[in-house]
Amino acid sequence: MAEVQYRFRDDEPVADPGVTVGAFGEQSNASAVRLEPGDEARDLIPHLERIRLVEVNFPVFGDGRGYSSARILREAGYTGELRAVGEVLVDQIAFMRRCGFDAFAPDVPLDPADADNAFGRYGEVYQPTIDGLAPIWAKRHG
Amino acid sequence: MYRYDTYDQAMVDARVEEFRDQVRRRLEGHITEDQFKPLRLMNGLYLQLHAYMLRVAVPYGTLSSAQMRMLGDIADKYDRGYGHFTTRQNIQYNWIKLEDAPDILADLAKVEMHAIQTSGNCIRNTTSDQYAGAAADEVVDPRPYAELIRQWSTFHPEFSFLPRKFKMAVIASDTDRAAMKLHDIGIQIVRNEAGELGAAFYVGGGMGRTPMIAPCINPFVPLDQMITYSEAALRVYNRHGRRDNKYKARIKILVHELGKDEYTRQVEAEFQHLLGQNIEPPLAELERIKAQFADPPFEKIGTVPTFEIDRSDPDFALWVDNNCLAHKQSGYIAATISLKPIGGIPGDASGEQIRLMADLARDYSFDECRVTHAQNIVLPHVRKDQLYALWQQLDAAGLGTPNLDLVGDIIACPGLDYCSLANARSIPVAQKIGQRLAAKQQEIGELKLKISGCINACGHHHAGHIGILGVDKKGTENYQLLLGGCEGADTSLGQITGPGFDEDGIVDAVEKATQFYLAQRGEGERFLDTYRRVGMPAFKEAIYG
Ligand code: SF4
């Protein structure tokens with residue numbers, strides 16, 4: 001399992017690897033789950049109370065389904081760790097952060113200077129998401 | 001026209017710096033070409049057959065004269081002196097050096113322009129009616145809605161890695177001049193019986209190898225829910241669009257496979273959920289944008305001596321009849337500058353010509369011009385009594401070709417002369433057809449001819465009254481002929497006539513089709529009307545018989 005390179009949370013990380021969505025439904029004590037691109041994120045909504053970690057896998061960076069999965073979970077009120085794993089590249093992490101990811105475990109570790117640039121590059125955003133940044137239109141109309 | 005505020009400017013400036021950094025990492029060898037590819041693609045930079053090609057976004061086709069002038073300067077400074085206007089109302093430069101690309105983006109940012117999302121599997125530049133704000137038949141100017149979509153779609157965090165590219169168009173009149181139903185999402189701004197404005201959503205149209213006409217999935221989305229509805233339509237696509245086969249990855253396949261009703265049901269469910277997420281900009285934002293698209297200060301009749309067109313010069317009169325459209329404001333007219341001189345490359349203009357058009361936009365059209373999806377330039381607001389002086393300058397610069405919507409006004413993609421995906425050349429075929437039929441084109445009348453160099457259909461061949469598709473036939477270039485395509489309110493897809501032709505053969509075949517039309521046409525019939533009445537078998541007989 002790849003190392004967590006960035007984590008924007010203060011709570012203790014969950015040590016266990018995530019179980020599959022299928023296994024998660026049967027193991028009533030699991031608190032970590034791993035979502036593949038084709039998995040239905042909404043299947044987790046009834047169990048959000050006991051989930052502390054959701055790993056969202058990006059087997060290839062161009063498969064963008066994980067962005068929707070992340071937003072759906074956050075929109076449903078999930079507050080635990082949301083970790084991007086797999087082919088997580090420096091030019092994707094800012095988008096991921098906006099969709100609610102707060103931990104990153106890339107297969108290939110990111111260059112720290114490039115990653116810092118990427119996280120901080122865009123101070124303004126056009127769309128509201130659950131990341132709490134005020135969109136430009138909100139600032140325009142105070 | 002829309003002007004950036006400090007927020008919009010900060011966004012494109014940040015993008016320039018980001019791309020500069022990405023190019024530096026590539027040139028210094030920190031990233032491989034494979035890793036660089038998705039980054040340059042999201043900046044509109046393609047590696048073509050001979051050089052890099054840069055595609056610059058022209059949102060809804062509208063340009064100020066300063067922007068147009070910059071496009072001419074870029075052609076001279078960084079390219080070989082030409083720019084190529086595209087069917088997406090954008091401009092492309094075919095001879096770009098990678099190390100220059102960040103400087104080009106910086107120059108563009110100085111005039112509030114960019115190349116953001118002009119390629120890649122994301123929401124592309126939004127197109128619109130080239131006569132927006134000028135056409136007599138529009139319900140309202142569609143561009144403020146397109147601008148709202150531009151902002152919403154720019155760096156959208158959820159929709160930057162869609163199954164495939166995603167194209168949107170916004171119009172506001174029943175005469176669809178933007179091929180709206182052939183887009184991933186087409187929006188028509190409409191007025192309902194209560195007099196309120198809303199957005200009709202057409203989803204799942206497109207060309208490419210499986211052309212489809214978009215069905216209407218919601219005839220009236222209130223304006224203060226338009227972005228939320230778009231987000232719902234995109235989310236269903238992002239989650240469920242096919243990713244196993246790039247040729248089945250466009251939204252049209254999803255809509256087709258699910259069926260319109262099931263797709264619509266899923267969008268409506270997602271929409272209900274998203275309504276609770278407060279993602280819609282307030283109507284005040286739409287009003288802010290609308291205010292920037294207010295009419296220019298048209299002069300009223302009586303304040304100037306005459307608003308009439310002096311038609312005594314027959315060449316000018318011909319150009320007026322072919323290239324000008326009635327304006328909503330009396331005394332004014334919308335003039336189209338054809339970039340289709342006989343034997344020329346469709347959509348190409350030299351740096352000098354681009355700068356001249358910029359000057360003419362400033363002097364004759366309230367500082368504004370438009371790029372059309374037929375690869376021409378429109379001066380939207382010309383005072384009729386100044387039209388002759390305008391035309392004289394155009395004519396002197398080789399920009400006075402009187403052939404709008406005639407057979408010489410060919411849409412052609414770059415084809416095998418530039419494009420690495422091409423099966424066959426498009427440009428020489430366009431040039432030969434243009435030359436062969438030049439003397440007849442006025443007699444033939446309206447005939448939209450469109451050429452693509454491969455099945456990707458960038459030249460919109462499915463929507464041509466006559467369409468030509470370049471294919472590979474055992475290693476040689478071959479051309480299929482299609483008849484009966486049409487965009488607009490009565491959108492239809494062209495049908496293949498039969499066996500393909502070589503380069504000279506396709507020119508002959510087009511000529512035969514036009515001769516047959518001239519022999520058959522009834523009173524007032526365009527080529528398309530005659531084709532629809534007479535049918536494919538008769539045309540086939542005339543072409544192959
Ligand atoms: S239609 Fe094919 S050949 Fe023409 S520009 Fe598109 S991809 Fe290239």
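## Interfaces in a predicted two-chain model

Across the interface of chain A and chain B, 22 residue pairs are in polar contact, both residues of each pair being at pLDDT 80 or more. The model is a predicted one.

On the chain A side, the elements that contribute two or more residues are helix H2 (65–75), helix H3 (93–98), helix H4 (112–120) and helix H5 (136–140) of chain A. H2(A) gives the largest share, six residues. Sorted by class, the chain A side that touches chain B holds 13 nonpolar, eight polar and 14 charged residues.

Between chain A and chain B there are twelve salt bridges. One of the pairs joined by a salt bridge is B:Glu231 with A:Arg71, whose closest N and O atoms lie 2.6 Å apart.

The contact involves 35 residues of chain A and 45 residues of chain B. Of the area that chain A buries against chain B, 20% comes from A:Tyr122, A:Tyr126 and A:Arg140, more than from any other three residues.

Chain B is itself assigned four domains: domain 1 (6–110), domain 2 (134–290), domain 3 (314–396) and domain 4 (411–544). The centres of domain 2 and domain 4 of chain B, taken over C-alpha atoms, are 30 Å apart. Eleven residues of domain 2 of chain B contact twelve residues of domain 4 of chain B. Two residue pairs are in polar contact across this interface of domain 2 and domain 4 of chain B, and zero salt bridges are counted between them.

| Parts | Buried area | Share on carbon and sulfur atoms |
|---|---|---|
| Chain A and chain B | about 3,600 Å² | 55% |
| Domain 2 of chain B and domain 4 of chain B | about 1,100 Å² | 70% |

How values were computed: Residues are numbered from 1 along each chain as its sequence is written. Chains are lettered from A and ligands numbered from 1 in the order in which they are written. This is a predicted model: local features need pLDDT of at least 70, side-chain atom pairs count only at pLDDT 80 or more; totals for chains, interfaces and linings use all residues. Side-chain values use heavy atoms; hydrogens and water are left out. Domain bounds come from an automatic or database domain assignment. Contact means heavy atoms within 4.5 Å. Buried area is the accessible area (1.4 Å probe) that two parts lose on being put together, summed over both. A salt bridge is a side-chain nitrogen of Lys or Arg within 4 Å of a carboxyl oxygen of Asp or Glu. A polar contact is a pair of N or O atoms within 3.5 Å; within protein, one must be able to donate a hydrogen and the other to accept it, and residues adjacent in sequence count only if both atoms are side-chain atoms. Helices (H or I, at least four residues) and strands (E, at least two) are DSSP runs, numbered from the N terminus. Ala, Val, Leu, Ile, Met, Phe, Trp, Tyr, Cys and Pro count as nonpolar, Asp, Glu, Lys and Arg as charged, and the others, Gly among them, as polar.
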